Amino acid sequence: MQGTVATYDPQTRSGTLLLDDGTELAFPRAAFDASGLRLLRLGQRVRIDHGESGEVTRITLPGLL
């Protein structure tokens with residue numbers, strides 16, 4: 001699944017993503033920390049990994065594993 005960064009707080013390392021259908025999805029610090037990324041920019045496209053219950057588990061850049 002992919003989306004666009006809508007908000008990102010570098011203090012809490014969490015934020016929200018907008019999916020392609022317009023749905024807003026929050027991501028926790030743990031999902032950002034699992035990404036290995038150093039920062040996110042508003043409007044940046046990201047790939048979203050999620051668990052069985054739908055929670056975001058990792059955010060990465062499209063094309064990166």
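**Before you start.** You are looking at a predicted model, in which local features need pLDDT of at least 70 and side-chain atom pairs count only at pLDDT 80 or more, while totals for chains, interfaces and linings use all residues. Residues are numbered from 1 along each chain as its sequence is written, and side-chain values use heavy atoms, with hydrogens and water left out.

**Whole chain, as a cartoon.** Colour by secondary structure and follow the chain from the N terminus: the order is β-β-β-α-β-β. That makes one helix and five strands, taken as DSSP runs numbered from the N terminus (helices: H or I, at least four residues; strands: E, at least two). The radius of gyration is 10 Å, close to the 11 Å from the globule rule for 65 residues, so the protein is as compact as a globular protein of that length. Here the radius is taken over C-alpha atoms, and the rule is 2.2 Å times the number of residues to the power 0.38.

**The core.** Now select Leu17, Phe27, Leu40 and Val46, which touch the most other members of the 13-residue largest nonpolar core. Such a core is a set of buried Ala, Val, Leu, Ile, Met, Phe, Trp, Tyr and Cys residues joined through side-chain atoms within 4.5 Å. Buried means under 20% relative accessible area, exposed over 50%, and partly exposed in between (1.4 Å probe, protein chains only).

Leaving aside residues up to four places away in sequence, its contacts include Val5, Phe27, Val46 and Ile59, a contact being heavy atoms within 4.5 Å.

**Two loop arginines.** Next, pick Arg13 in the loop between strand 1 and strand 2. Its phi is near 60 degrees, a positive value in a residue other than glycine. Most residues other than glycine have a negative phi. Arg13 is partly exposed, at 27% relative accessible area.

Finish at Arg41, in the loop between helix 1 and strand 4. This residue counts as exposed, with 51% relative accessibility. Draw a C-alpha to C-alpha distance from Arg41 to Tyr8: the two are 33 residues apart in sequence and 7.4 Å apart in space.
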